[in-house]
Amino acid sequence: MMMRLLFWIALGILVVFAIRSKLRGSLPRQSGPGAPRDVQGEGEGEGGQGERMVSCAHCHLYFPASEAVRADGLDYCSPAHVRLPAR
Ligand SMILES: [Zn+2]
């Protein structure tokens with residue numbers, strides 16, 4: 001009699017653990033890490049809060065527009081590249 005009771009208790013604990021591990025394993029995958037949004041920001045996204053990215057007229061390196069050095073209507077990554085010809 002006692003063994004049968006212990007068996008059912010053990011079974012119940014096992015079921016609870018199985019459900020818990022199942023929930024824990026599936027939930028993070030459903031919500032996702034939220035990475036796609038960051039990847040999208042690398043292009044020419046017109047996001048309100050994201051900073052605009054411009055490319056250097058000489059080396060074509062991408063960097064935030066606030067760090068750009070403007071000369072003759074072109075954006076450069078650094079003052080050194082302003083003196084170099086645009087490619
Ligand atoms: Zn440059």
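Before we start, some ground rules: residues are numbered from 1 along each chain as its sequence is written, and side-chain values use heavy atoms, with hydrogens and water left out. Because the model is predicted, local features need pLDDT of at least 70 and side-chain atom pairs count only at pLDDT 80 or more, while totals for chains, interfaces and linings use all residues.

**The zinc site**

Let's begin with the metal. Which residues hold the zinc ion as protein donors? They are Cys56 (SG), Cys59 (SG), Cys77 (SG) and His81 (ND1), at 1.9 to 2.3 Å from the ion. Donors here are N, O and S atoms within 2.8 Å of the metal (3.2 Å for Na, K and Ca); water is not among the atoms, so sites may look incomplete. The angles among the four donor atoms run from 98 to 120 degrees, and the site is tetrahedral (for four donors, all angles lie between 85 and 135 degrees). As background, the ideal angle for four tetrahedral donors is 109.5 degrees.

Along the sequence, the donor residues follow the spacing C-x2-C-x17-C-x3-H. Cys56 sits in the loop between β1 (53-55) and β2 (62-64), and His81 belongs to helix α3 (residues 79-82), so this pair ties together parts that are 25 residues apart in sequence. Helices (H or I, at least four residues) and strands (E, at least two) are DSSP runs, numbered from the N terminus.

Pro79 also lies in helix α3. Its C-alpha atom is separated by 9.0 Å from that of Ala68, 11 residues apart along the chain.

**The core**

Next comes the largest nonpolar core, which has seven residues: Val54, Cys56, Ala57, Phe63, Ala68, Ala71 and Tyr76. Such a core is a set of buried Ala, Val, Leu, Ile, Met, Phe, Trp, Tyr and Cys residues joined through side-chain atoms within 4.5 Å. In soluble globular proteins, nonpolar side chains tend to be buried together.

Ala57 touches Leu74, Asp75, Tyr76, Ala86 and Arg87, leaving aside residues up to four places away in sequence (contact means heavy atoms within 4.5 Å).

One of the residues touching Ala57 is Asp75, which forms a salt bridge with Arg70, their closest N and O atoms being 2.7 Å apart. The rule asks for a side-chain nitrogen of Lys or Arg within 4 Å of a carboxyl oxygen of Asp or Glu, and the count comes to one salt bridge.

Two residues other than glycine have a positive phi: for His60, in the loop between β1 and β2, the value is near 65 degrees. For Asp72, in the loop between β3 (69-71) and β4 (74-76), it is near 55 degrees.

**Buried or exposed?**

The table gathers relative accessible areas; buried means under 20%, exposed over 50%, and partly exposed in between (1.4 Å probe, protein chains only).

| Residue | Relative accessible area | Class |
|---|---|---|
| Cys56 | 0% | buried |
| Asp75 | 14% | buried |
| His81 | 18% | buried |
| His60 | 43% | partly exposed |
| Pro79 | 56% | exposed |
| Arg70 | 58% | exposed |
| Asp72 | 80% | exposed |

Technical notes. Tetrahedral: all angles 85-135°; square planar, octahedral: opposite > 155°, others 65-115°.
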